[in-house]
Amino acid sequence: MRHVVLVLPPAVERAGTVWELMDPRAIVVCADYEQAVLWADAAPAELRAHAVTGLTRTAALLKEGRVGVLAGAPSDLAALVARAALKLETVETIVVAWPEGFAGELDTLLGEAPEARRVILSWDPHGLTDFIERHARRAEIVGDIPLDSAARPLGSVASARYAVVPATRRAEAVRDVLDAVRSVRPYVWKGGDVTAPAERPDAVVATTVPTREELRLLAAIAQPLVVALASQIPYLKSIASLSPFALPSSADRAQDRNAAVRAAISARLVQGDVDAELAVLAPLFEEHDPALVAGAVLAISRQPAAVSQPAPVASPQSGWARVFVTLGTKDRASAKDLVGALIKEAGLEKGQIGKIDVRETFSLVDIAAAAVDQAVRRLTGVSIRGRRVSARPDRT
């Protein structure tokens, strides 16, 4: 079958036609771990798609024949080939997803599968001429190449702002943006037709990267702010005059009394010294939903005559709790990587982070007791060193 180049903005949600071009045995080569997970999540169930999130597990799934379409970064796929877990000679289709930023890493990998059909997704095929000539000779190009009549790259169509966020925090980021700009009449564009609301909005937020024409239409309504992945920024710079938008930090977000109460309860649960209280409540759990029992206890605690109030939020000086993180030296991670993620992604202050013990397959991090719930909730799903991590209070 003939090689194909599809001219598309670099967003998995915009690549629906790709699934029709895939054979049952296919590989999606993408920029990083985050993109691989998005591809696996978007794939039709019958393709049995899997993202490379761990080499050992992926190798086992491949050995048992449980994977149809495999999505991964070049380094991860090359590692599976080196282990003889991935046999490229059996692959029928290789989808290369927007290689503008990593084409130089693909020569060896693609050289292992010279007979496989190439489906290359690109937002700038003109900039990939040599790559396409080497690996998809005489490919059919579907879509408009962004060049003018003199074969010069098209310029930007509008000014826009952007905020870089992980895919897992996109919905939360939209709320943060709207809070930061104090929008009361927002227009949140999630793809599809661009239709201006009857009442002029005071903010335009795009949650997927637009085409050149879609950006022009969005800018006609108001200056758009695009919530994007880091790998999508080069494309956005090619169609817009960009300026960064700083998302509010945790200190800027509204903190109400309920949030303080939840933090205090979480800190107490981390301490683990509630055996006596559980003994008192155990008979009620047999008669009522435990969640309703907890609600009743909290309601009683808020009454003016209550004997006790929820425990105050602990400060770093009053106690630390240990958090287990699924990231270690085998992932080329260091304590510095964890500190950076805890500050930038989880919103912690430096004084809330204590000792960090990085081991081969996991890490143990001392966190101020009051901040444990925040650290666990916001760190889970974040990509560090190309690996999406999960976090939980340490049970040891």
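Mentor: Let us begin with Asp-193, which lies in the loop between strand S9 (186-189) and S10; strands (E, at least two residues) are DSSP runs, numbered from the N terminus. The model is predicted, so local features need pLDDT of at least 70 and side-chain atom pairs count only at pLDDT 80 or more, while totals for chains, interfaces and linings use all residues. Residues are numbered from 1 along each chain as its sequence is written, and side-chain values use heavy atoms, with hydrogens and water left out.

Trainee: Is Asp-193 buried or exposed?

Mentor: Buried means under 20% relative accessible area, exposed over 50%, and partly exposed in between (1.4 Å probe, protein chains only). Asp-193 is exposed, because its relative accessible area is 69%. Its C-alpha atom is separated by 9.6 Å from that of Leu-217, which is 24 residues apart along the chain.

Trainee: How many cavities of 30 Å³ or more are there?

Mentor: On a 1 Å grid over the protein atoms alone, a cavity is a set of points where a 1.4 Å probe fits but cannot get out, and lining residues have an atom within 4 Å of a point. Grid points are joined across faces, edges and corners, and a volume is the space filled by probe spheres set on the points. The count here is three, and the largest cavity holds about 60 Å³.

Trainee: Which strand gives the most to the lining of the second largest cavity?

Mentor: That is strand S10 (residues 203-206), with three residues, and the cavity itself has about 40 Å³ of space.

Terms used
1 Å grid on protein atoms, 1.4 Å probe; cavity = no way out; pocket = protein on both sides within 12 Å on 5 of 7 lines; lining within 4 Å. Helix = DSSP H or I, 4+ residues; strand = E, 2+ residues; numbered from the N terminus.
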